[in-house]
Number of protein chains: 2
Amino acid sequence: MSRSRLQESRNLFVRRWGEMSAYWGITRTMAEIHALLFISNQPLSTDDIMTALAISRGNASMNLRSLVDWGLIERVHERGQRREFFRAIPNVWHMFETITRQRQRREVEPILETIRRCRDLVSDESARRGESAAEIRAYRERLDDMLAVLTAIGKIVDLMLRLGPNGLRRLNATLLRLVP
Amino acid sequence: MSRSRLQESRNLFVRRWGEMSAYWGITRTMAEIHALLFISNQPLSTDDIMTALAISRGNASMNLRSLVDWGLIERVHERGQRREFFRAIPNVWHMFETITRQRQRREVEPILETIRRCRDLVSDESARRGESAAEIRAYRERLDDMLAVLTAIGKIVDLMLRLGPNGLRRLNATLLRLVP
DNA sequence: GAATCGATTCAGTCAGTTTTGAACTTTCAG
DNA sequence: CTGAAAGTTCAAAACTGACTGAATCGATTC
C-alpha cells in the first residue's frame with residue numbers, strides 16, 4: 001500500500017519533470033531520466049532506466065551521456081560490477097547553478113555577441129549621410145536598450161549564483177523589509 | 001550603401017533572435033516576427049511581415065495573435081485604414097518582465113504544485129510502517145529540497161521584477177561592493 | 001582468443017510541431 | 001445588398017528533431 005503510493009508519487013514527479021523539460025532547455029527524455037535518478041536512493045543502471053521509462057538502449061545511452069556532459073548526473077562504477085550505474089547530483093542548488101551557467105554561456109552570450117555585431121554594422125561612418133540617419137539612430141538605440149537589459153540580467157544572475165542559497169535567503173529577507 | 005548595411009544588420013538580428021526563441025519559450029517564427037517589429041520604426045502590416053519573413057498569411061495571423069496574447073506586441077489601427085498594423089512593446093525591460101511572469105505562471109507554478117502533491121501522496125500515515133520508511137523519508141527530503149530551491153528562485157525573480165531596471169542597477173552596484 | 005555482456009553509434013524511421021493554402025468570416029465602400 | 005479587401009481558421013502537407021534497433025566496439029571472463 002505505502003509501496004504503491006510511493007510508486008505513484010514517483011511516477012507523477014517523473015512525468016511532470018519531463019513536461020518541464022522545455023523550460024530548462026533539455027529534451028523530455030533527458031529530463032525524465034534526470035528526474036528518475038534524482039528521486040532514487042541508489043544509483044540506477046542503464047537497464048533500470050530503460051525499463052522504468054520504456055525507452056530503447058540507444059536512447060538511454062545518448063541521453064545519459066548528455067546528462068553527464070551537462071554535469072547533472074555522474075557515472076558510478078560499483079566495484080566488481082561490469083555494468084555502470086548513474087546517480088543525479090543531489091544538491092539542488094548546484095544543479096540549478098549548472099543549468100543556469102550553461103544556458104547563459106550557450107544561449108545568452110551568442111546573442112549578446114550578435115547584437116554587438118549588429119550595432120557595429122551600422123556604426124558611425126555608415127550613418128553619416130543620407131535620409132536614413134534618423135532611422136539608423138533609432139535602430140541603434142533599440143539595440144543598445146536590448147543590450148543594456150540583457151547585460152543587467154546577466155549580471156544579476158551571476159550575482160545570484162555567487163551568493164548561493166544562503167546568501168540569497170538573507171538578501172531576500174533584507175530586501176523584503178526594504179521593498180514591501 | 002548605408003541602406004544595405006542597415007538591411008544586413010536587421011536581417012542578422014532577426015535571424016539570431018529567431019534562434020534564441022527556445023530560450024524564451026516561444027516558437028521560432030513568433031520570435032522572428034517579434035524581432036522584426038522590435039527593430040522597425042513604424043508599425044508593420046501583416047503583408048509587410050509575410051514579405052519580410054517569407055511566411056504564409058495563415059502563419060502570420062496565428063503568430064501575431066499569440067504575440068498579442070503574450071503581451072509582446074499590440075495592434076495599431078491607423079485611422080482611415082482598414083488593414084491593421086502591429087508594433088512591438090518598445091520597453092525592453094517591460095518585455096522581459098512580461099515573458100518572465102508568464103513563464104513563471106505557466107511553467108514554474110504547475111511544477112511546484114505537482115511537487116507538493118507528490119509530497120502529500122507519501123505523507124505521514126503512509127510512511128508509518130514498513131521497511132520503506134527510510135526510503136520514503138529520503139524521497140520526501142529530496143522533494144523538500146527541490147521545493148525550497150525553486151521557491152527561493154521564484155522569490156528572487158519576483159523581487160528582481162519589482163525592483164525594475166534602476167533598482168536592479170543600484171542593487172547590483174551595492175552588492176558588487178559587498179561581494180567582490 | 002573466443003564468448004559474453006554491456007555500452008556506443010548512427011542511418012533510417014517516426015511522432016510531434018509548424019506551416020501552408022484554401023475555405024470561411026468579417027468589415028466596409030459603393 | 002453586393003463585391004472586394006482583409007483577417008481567421010483548420011485539415012493536410014512538410015518539416016524537424018528525437019528514437020529505435022541493428023551493427024559495432026570494448027571490456028571481462030573462462
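Helices (H or I, at least four residues) and strands (E, at least two) are DSSP runs, numbered from the N terminus. The model is predicted: local features need pLDDT of at least 70, side-chain atom pairs count only at pLDDT 80 or more, and totals for chains, interfaces and linings use all residues. Residues are numbered from 1 along each chain as its sequence is written, chains are lettered from A and ligands numbered from 1 in the order written, and side-chain values use heavy atoms, without hydrogens and water.

**Exercise 1. Find which helices supply at least two residues each of the surface near DNA strand C.**

Step 1. Set the cut-off. A residue is near a strand if one of its heavy atoms lies within 4 Å of it.

Step 2. List the helices. They are α4 (46-53) and α5 (57-70) of chain A, and α5 (57-70) of chain B. The most comes from α5(A), with 5 residues.

Step 3. Name residues. There are 20 around DNA strand C, and Arg57(A), Arg65(A), Arg82(A), Thr29(B) and Ser56(B) come nearest.

Step 4. Sort by class. Ala, Val, Leu, Ile, Met, Phe, Trp, Tyr, Cys and Pro count as nonpolar, Asp, Glu, Lys and Arg as charged, and the others, Gly among them, as polar. The surface near DNA strand C has 3 nonpolar, 9 polar and 8 charged residues.

**Exercise 2. Give the distances from Thr29(B), Asn59(B) and Arg83(A) to phosphate oxygens of DNA strand C.**

Step 1. Define the pair. A polar contact joins N or O atoms within 3.5 Å; within protein, one must be able to donate a hydrogen and the other to accept it, and residues adjacent in sequence count only if both atoms are side-chain atoms.

Step 2. Read the side chains. Thr29(B) stands at 2.4 Å, Asn59(B) at 3.0 Å and Arg83(A) at 3.5 Å.

**Exercise 3. Describe the surface near DNA strand D.**

Step 1. Take the helices. α5 of chain A and α5 of chain B each give at least two residues. α5(B) has the largest share, 5 residues.

Step 2. Check single pairs. The backbone of Ser56(A) places an N or O atom 2.8 Å from a phosphate oxygen. The side chain of Ser61(B) has one 3.3 Å from a phosphate oxygen. Arg82(B) instead pairs its side chain with a base nitrogen, at 3.3 Å.

**Exercise 4. Which residues have the most contacts inside the largest nonpolar core?**

Step 1. Define the core. It is a set of buried Ala, Val, Leu, Ile, Met, Phe, Trp, Tyr and Cys residues joined through side-chain atoms within 4.5 Å. Buried means under 20% relative accessible area, exposed over 50%, partly exposed in between (1.4 Å probe, protein chains only).

Step 2. Answer. Phe13(A) and Phe13(B) lead in this core of 116 residues.

Step 3. Follow one. Beyond four places in sequence, Phe13(B) is in contact (heavy atoms within 4.5 Å) with residues including Ile115(A), Cys118(A), Tyr139(A) and Phe38(B). Cys118(A) is buried, at 0%.
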